[in-house]
Amino acid sequence: ATPAELAKIIHSFAKVGRNATVLFELSVDYAVEKTGFMQPHEIAASAFAFGQIREVMPSERLSVLDAVFERLKKACLYQMRNFTFRDLSSLLQTYARWRIPFSPPGDLLPVIERLSVVRLEADSAEALVGALFSLSVLVRSNLDMSLVERLDRTSLGLGLQAEGGDGERGTSEESRQSVSASAVGEGEGG
């Protein structure tokens, strides 16, 4: 069985209130083991299937799923160049929907870069907006100063520059204001 199929079985057991501890633990171990061999569409499908478990599993057991989501994130980063818009959008929506950490925050940079490459594959403007919204949820939940500093140095063409001319770094508040202003299209006049 694939990790996504095992997740659906666990979901079914949990939904009807059955305690399948051994099945749950074996399935998680198996899923973690198989993530290194997954293609992007399998990564996205598995993330969604394990995300659904979060809705029906008792909260004290959810920490076991963290290992699966961490390995899926690592597999995603490893396979990033192979992700299509649809697969990447699906993965982003899953992580955002269930507020699954995508950390450290710097791990979002390859996702942002890939999304900027595959954005033209979006079927509609709504699909692109959905992916960007999911990304914004993840960025907001993971934002810290190290990400702002790294964004300042990237060449994404987003116009994110910390204030402070002649090579000096701006304060964290200035950097956040710069990011916020750029994000809403303000502050273009300096």
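**H3 against H5.** I looked up how H3 passes H5 and found a left-handed crossing. The model is a predicted one, and I read every entry here with that in mind. Helix H3 covers residues 40-56, and I noted an angle of about 20 degrees to H5, with the axes 9 Å apart. That makes H3 roughly parallel to H5, because angles under 35 degrees count as roughly parallel.

I then listed the residues that meet. From H3 I have Pro40, His41, Ile43, Ala44, Ala47, Phe48 and Glu55; from H5 I have Asp87, Ser90, Leu91, Thr94, Tyr95 and Arg97. Sorted by class, this contact of H3 with H5 has 7 nonpolar, 3 polar and 3 charged residues.

**H5 against H7.** Next I turned to H5, residues 85-97, and H7, residues 125-142. Their axes come within 8 Å and cross at roughly 40 degrees. H5 and H7 are therefore oblique to each other. I recorded the crossing of H5 and H7 as left-handed.

On the H5 side I wrote down Phe85, Ser89, Leu92, Gln93, Tyr95 and Ala96. They meet Ala127, Leu128, Gly130, Ala131, Ser134, Leu135, Val137 and Leu138 of H7. The contact of H5 with H7 divides into 10 nonpolar and 4 polar residues, with no charged ones. Tyr95 is on my list for H5 with H7, and Tyr95 is also on my list for H3 with H5.

**Gln79.** I checked the loop between H4 (65-78) and H5, where Gln79 is found. Is Gln79 buried or exposed? Gln79 has 10% relative accessibility, so I count Gln79 as buried; the cut-off for buried is under 20%.

Which residues does Gln79 touch, leaving aside neighbours within four places in sequence? I found Met38, Gln39, Pro40 and Ile43. Two of these, Pro40 and Ile43, had already come up as H3 residues that meet H5.

**The chain overall.** I finished with the totals. The chain has 9 helices and 0 strands, and from the N terminus on I read the elements as α-α-α-α-α-α-α-α-α. Of its 190 residues, 41% count as buried. I put the accessible surface of the chain at about 10,700 Å², with 52% of that belonging to carbon and sulfur atoms.

I also looked up how far apart in sequence the contacting residues are. Among contacts in the chain with a separation of 6 or more, 70% are between residues 24 or more positions apart.

Definitions and conventions:
Residues are numbered from 1 along each chain as its sequence is written. This is a predicted model: local features need pLDDT of at least 70, side-chain atom pairs count only at pLDDT 80 or more; totals for chains, interfaces and linings use all residues. Side-chain values use heavy atoms; hydrogens and water are left out. Axes are lines fitted to C-alpha atoms, for helices over the stretch in contact, and angles run from 0 to 180 degrees between N-to-C directions. Helices (H or I, at least four residues) and strands (E, at least two) are DSSP runs, numbered from the N terminus. Angles under 35 degrees count as roughly parallel, over 145 as roughly antiparallel, 65 to 115 as roughly perpendicular and the rest as oblique. A crossing is left-handed if the near helix is turned anticlockwise from the far one by less than a right angle, and right-handed if clockwise. Contact means heavy atoms within 4.5 Å. Ala, Val, Leu, Ile, Met, Phe, Trp, Tyr, Cys and Pro count as nonpolar, Asp, Glu, Lys and Arg as charged, and the others, Gly among them, as polar. Buried means under 20% relative accessible area, exposed over 50%, partly exposed in between (1.4 Å probe, protein chains only). Accessible areas come from the Shrake-Rupley method with a 1.4 Å probe; for residues, only the protein chains shown count as cover.
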